[in-house]
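Hi everyone, thanks for making time this morning. I'd like to walk you through one model with you, so let me put it on the screen.

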Amino acid sequence: MAERSFKKEVQILRKGAGEELHVEGILGVTKALLQSGVAYVGGYQGSPISHLMDVLNDAQEILEELDVHFESNASEATAAAMLAASVNYPLRGAVAWKSTVGTNVASDALANLASGGVKGGALVIVGEDYGEGSSIMQERSHAFAMKSQMWLLDPRPNLTSITDSVEWGFQLSEASNTPVMLELRIRACHVHGRFTAKDNVRPPLTVKEAMEKPERDTSRIVLPPSVFLHEKEKIEDRLPAAIDFIKANQLNEFFEPRRGGNDKLGIILQGGLYNTLIRALNILGLADAFGNSDIPLYCMNVTYPYVDEEIIDFCRGKDAVLVVEEGQPDYIEQAINKMLRNAEVSTRLHGKGMLPVYGEYQGQPLKEGVETFIQTEAPQMLGNAEVDAANDQIHAADNVVQRFDPTAAAQSVIANATAQPVPQADNLIPLQDLDDLVPPRPAGFCVGCPERPIFSAIKQLQFEKGEFHVSADIGCHLFSILPPFNLGNTTMGYGLGGAAGSAFNVEGVRRTINVMGDGGFWHNGLTSSIGSAVFNENDNVFLIVDNNYSAATGGQDILSSKFYVDHRSTQNPIKKAVQGVGAKWVRVVDTYDVETVKATFKEAMETSIKGPKIIIAQNECMLNKQRRVKPQTRAAIKEGKRVVRERFFVDDETCTGDHACIRLSGCPSLTVKENPNPLKSDPVAYVDNDCLGCGLCGANAHSAVLCPSFVRAEVITNPSKMDSFLHRIRQKVIGFLQNRLQAKLDKHAF
Amino acid sequence: MSEQAVKPITIAISAMGGQGGGVLSNWIRDLAETNGYVAQSTSVPGVAQRTGATIYYLELFSQSAMAQTNQEPVLAMTPVPGDVDVLIAAELVEAGRALQRGFVSPDRTTLIATTHRSYTVSERQQKGNGLVDSDKIVAIAEQQSKRLIAFDMNQLAIENHSVISSALFGALAASEALPFNKAQFEAAIEAGGVAVASSLAAFNAAYQKGQGEEPQSATNVGDDQVFSDLPEQVKSESAKVLLQRVCDDVPEGSRTLVFEAVKQLVDYQDPQYAHQYLDRLKEVLELDSSAKDYMLSNELAKQLALWMAFQDTIRVAEQKIRADRFEKIRREVKASDEQMVYPVEFLHPRVEEICDSMPKALGEWALNNRMARACISALFSHGRKLQSAKLSGFLQLYMLASFKSGRRKTLRYFHENNHIEAWLDRIKQAVARDYDTAVEIAQCQNLIKGYSDTHARGYENFNAIMDEVDTWLASGEGSCAARIAKLRKAALSGEDRSAFEAELALAS
């Protein structure tokens, strides 16, 4: 059960030609796949592509109606390998994953696929997790396209361009017998916009039909002597075919300058950066809101292969051209330099010299880069923001932002455009002071996360045993590297937590801890980490966090999911899997039972049994559990059933404000508040109402011997008759004693 | 230049993952799309949002402007500094972060910021008060924005059984920064179809408040402490004597503080204990002077009271069984009259705490006798869950609390009292040499807090500093205040003692 349900939204996929759809990018891409007659789809979840997998999952019924087969692949390698169905048959297939991490995993299969080539269109949708909010290493997918000779699409980030590119991506793939990658940046995946739908198309050939009539062509198999032929084909046949197709269908776009513009300059850009570049030009007064620019643009919706002829033609006769290419190395700029040199075109080429060499190209860096370019090449073009506005023959007062006083709107616009810095009074607080006022807020474990207690236990054990080397993995559990836990030395890739610790397979004072999540475990950890550790008689401790879902990517189901899932085989325990590859020392623990988790780790550290010590720490992702349980609880209360809700509470008088509990938890709902005692200034711990009553606070208070301030409040709704009877007796006795206490205090009352 | 410049309206939402920023974007998008605008929104979901800071971004564009040119606008995916019309911050430090990133400009941006705080881990995990100055963020927000609407929108949302997105939406409507009227805003909530009634209630409350003139400042935790005024009359004879003594012995400016301390000590032990406190304070007051504004005495009045009311097992038990505490828990968990609330106390006294509660001789014997110690350890090796509102749990705590009258005979009292006497002695000696050092020594009491290991480590640090003080007292050097201040800071920073030990190793 995924974090977000698209059950309602997927009905949009049934819409027909001419209807305007208002949807998120990902849903648009799914619709475009169905409009293109795709025969099979698959992939592996991971932001920003998770929702695509969720949408497909929730659209199972619609896919079946169209005879489209959907696989929830075990990994990106599995997904890429699945595209093999397009090698022999004219089947259109599409897979999706997070890049570049997923592309790394898939590259073995992708390289094989690209070598033999495809008959049916093969599309790889790569969700580019680069820049703000990214959780992975910063690299470019571009290199994969170049090394394997696949084509890379980078369409303009509006839904019409994105959905169109799905369709011509398939066509390009078929025209050149080459797999095509469609690159979507993170915000493009989640952009909510609109496009006009077309009718869905049933695949002309379904996978069932293909399977029933097998075809074979040994020249497509990566085996000598065909491999040598494949390389020749790539260069002599497929590349020219691709270039011809791109040119003939004008996949790349030329934007002529508007009236009064300067055609001596030009900008070459990746399609995905188009909107940001236009905004930068607009702020500089060099373009209007509709994209009409003073500077001609060559927009590369296909960023690989390069269409040399188009680029040379664009540059010829211009004084200078700026290449806007995100990320590093600057493959495109290098290539263009070579093209111009070979063609003896003397246009000055700027790029990374004026724009940042690395990092996401958001509005600010693009604005500054373009400004430098114009300043250098045609400074007279700058400072004409007002002229620009006057040139627009539009009267659209209703688009002017009206602030507070509609009659003053006109003046307010003038004030905006001239953008005078506000005079600085002496008593203004300098903005730099914010540096001390704005602490970082990295992502972390959610309220009640079942993974948090594991790291509380490890941290407590560290107090006893000294510091451990912790090999971390990809997944929510990676948040252990942040305060307050500060656990984790490296992370080498999904399912590789165990593998990354393999060098430390020697005897030492303390064993290492190698972490993995259930997601990573099934992705490849079973073999890469556990199998390898068993085989090499690794003596260290291996932690597998089993929270019933691939939680970090949005709660998708996996082999060991606890619940029955339609269309999938779940409930396959991790314990059986590791025992199946020969692990002997295996323990399963409840994550919230901190004392047992701690004791189990201690035992794993000390036992004389050889081989990997595997601890499977189980409990359900609380986000998902809440979604599952909340409606049930609500219904039970409505029916008048007895329901006990638990949540924690801190006695603010008993708490001394040392925050030792927070340093063992970091739970967002275990926070602080004003000390109720006016003599004390340190804030006291406080559990806010988001508390899910997971029990960690109490378990920590016990196992770390913290303080007597923690209380679990059990709130009984719809109490039974027995409850009420006992409650009355208790209140009678307790009330009597409390009155006695109060009487003693009253003797000295103020 | 005229109003011909056609531009999109740009709106950034600065929030934390899980705060409902997505719901708010959806409302704004629906609002725009049903009222003559096209709208585009973007976000960065995924792991980045798991409680971390994130930005949602929207652009709205007039359909009539599109119709006149017959062109589609090009809408951007990320905010550009200096190009944001409305910034909505769902948490105060996130407003600060947006200011830091330049998304708020004085000539253009309407800033809608809630003043509530959701503290970051780095602030919460400090041993003392690690919270940032909220007021200052509001002040900077006011000076940097074209218009600021700031108040605690979270509180308003809670009061109306809703979430912050509804309150933010209400404040946005009140700001009139968007070309839509209130009814159109409300229609967007209704169209959303989820928790409409409570969302509308929070929306309306925020709309009302947002129309108020002044942005409201944030309340800082740990700011100036306010003590209640001295009463004209008190209810008991013993209290009357104490009140009179406070008026006679204590300079006027310190009376409310000292009276508060006296009340707490009577509650903690008895009037006699409060007199003992006043005796001790008086000795220092006599060495202090009005020229120094009685800084030392004020500090000592606070620290001495806190120390004398040390949290032993007797005190904890007494706090747990009081009637008003049960009421407090009911309020905090928002229990209705029909619901029952049973607190489960998580207690884990160690052998040290058990022996501390015994009469001095017995406690010392038990601590030092291997057999006795082992027996007690075995009994208390695991934490206990005590049901304090059920009979057996309540009675256990009640019995423990009733040892209060014998507190002065306990081992714990003996130890604490000796430490207090020695500390007071150092202060009295120091004040003759260097006033600031005396104040610093007084403040060191704050290092001793927490329970069990935390408490023991606090004591270790305190004692190490007192050793330094003794060396200084014997040496005849100038001031030791700066040195103590540094050590105190080091003792409160970091998790282990490494920072403190490093500071201590530096030659004084």
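Predicted model: local features only at pLDDT ≥ 70, side-chain atom pairs only at ≥ 80, totals over all residues.

Let's start where strand β24 of chain A, residues 710-717, pairs with β7 of chain B. The two strands run in the antiparallel sense, and six bridges join them.

Now, how many residues of chain B are in contact with chain A? There are 134 of them, and they meet 124 residues of chain A. On the chain B side, the element that gives the most is again strand β7, residues 340-347, with eight residues. Sorted by class, that side of chain B has 61 nonpolar residues, 40 polar ones and 33 charged ones.

Okay, let's stay with chain B and look at its domains. Chain B is divided into domain 1 (4-210), domain 2 (226-309), domain 3 (313-409) and domain 4 (410-508). I'd like to pick out domains 3 and 4 of chain B, whose centres, taken over C-alpha atoms, are 30 Å apart. Their contact takes 13 residues from domain 3 and six residues from domain 4.

Which elements give two or more residues to the domain 3 side? Those are α16 (351-356) and α17 (360-368) of chain B, and α17(B) has the largest share, with three residues. By class, the domain 3 side that touches domain 4 of chain B divides into seven charged, three polar and three nonpolar residues.

Methods: Residues numbered from 1 in each chain as written. Chains lettered and ligands numbered in written order. Domains from an automatic or database assignment. Contact = placed C-beta atoms within 7 Å. Helix = DSSP H or I, 4+ residues; strand = E, 2+ residues; numbered from the N terminus. Nonpolar A, V, L, I, M, F, W, Y, C, P; charged D, E, K, R; others polar. Pairing = 2+ DSSP bridges.
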